[in-house]
Amino acid sequence: MSRTFTDENLLTWEAFASAGSSGLATGPRVVFHCISDPLRRPRYVAQGGDEADAEGAVHTMPLDDLRAMLRASAELE
């Protein structure tokens, strides 16, 4: 499941957990996709634990923390 939120620039983002490299549950990422500007490249942050931990973080962390995570993210290559 994803979570939708708005950043400080009033862009709407979708955040969701993604499996780690080679589709493994370990080494997951939180991925950010800009809904309001689809030409923006997706962004990501590596998340500790497994995919379930990343999924839980996306849905339970306060919005300010999620926005801070977006600011610290890197473009998905």
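A salt bridge is a side-chain nitrogen of Lys or Arg within 4 Å of a carboxyl oxygen of Asp or Glu. The views below show a predicted model, in which local features need pLDDT of at least 70 and side-chain atom pairs count only at pLDDT 80 or more, while totals for chains, interfaces and linings use all residues. Residues are numbered from 1 along each chain as its sequence is written, and side-chain values use heavy atoms, with hydrogens and water left out.

**View A. Arg43 in strand S4.** Arg43 belongs to strand S4, residues 43-46; strands (E, at least two residues) and helices (H or I, at least four) are DSSP runs, numbered from the N terminus. Arg43 is buried but has no salt bridge, and the nearest side chain of opposite charge, that of Glu75, is 4.2 Å away. Here buried means under 20% relative accessible area, exposed over 50% and partly exposed in between (1.4 Å probe, protein chains only). For charge, Lys and Arg count as positive and Asp and Glu as negative, with His and the chain ends not counted. A polar atom of the Arg43 side chain lies 2.5 Å from the backbone oxygen of Ser73. Neighbours within four places in sequence aside, the residues in contact with Arg43 (heavy atoms within 4.5 Å) include Trp13, Phe32 and Leu70.

**View B. Arg67 in helix H2.** Arg67 lies in helix H2, residues 63-71, and counts as buried because its relative accessibility is 19%. Beyond its neighbours within four places in sequence, Arg67 is in contact with Phe5, Thr6, Asp7 and Glu8. Phe5 and Arg67 are 62 residues apart in sequence, yet their C-alpha atoms are 8.4 Å apart in space.

**View C. The two sides of helix H1.** Ala54, Ala57 and Val58 are the buried residues of helix H1, residues 51-60. They cover an arc of only 100° around the axis, which puts them on the same side of H1; the arc is that of the directions from the helix axis to the C-beta atoms. On the other side of H1, Ala52 and Thr60 are exposed. The buried residues of H1 pack against strands S1 (3-6), S2 (12-18) and S3 (29-34), and against H2.

**View D. An aromatic pair.** One aromatic pair is found in a search of the whole structure. The ring centres of Phe5 and Phe32 are 6.2 Å apart and the planes stand at 80°, so the pair is edge-to-face. Rings of Phe, Tyr and Trp (its six-membered ring) pair if their centres lie within 6.5 Å; planes under 30 degrees apart count as stacked, over 60 as edge-to-face and the rest as tilted. Because Phe5 lies in strand S1 and Phe32 in strand S3, the pair ties together parts that are 27 residues apart in sequence. Both Phe5 and Phe32 are buried.

Key: Polar contact = N/O pair within 3.5 Å; in protein donor to acceptor, adjacent residues only side chain to side chain.
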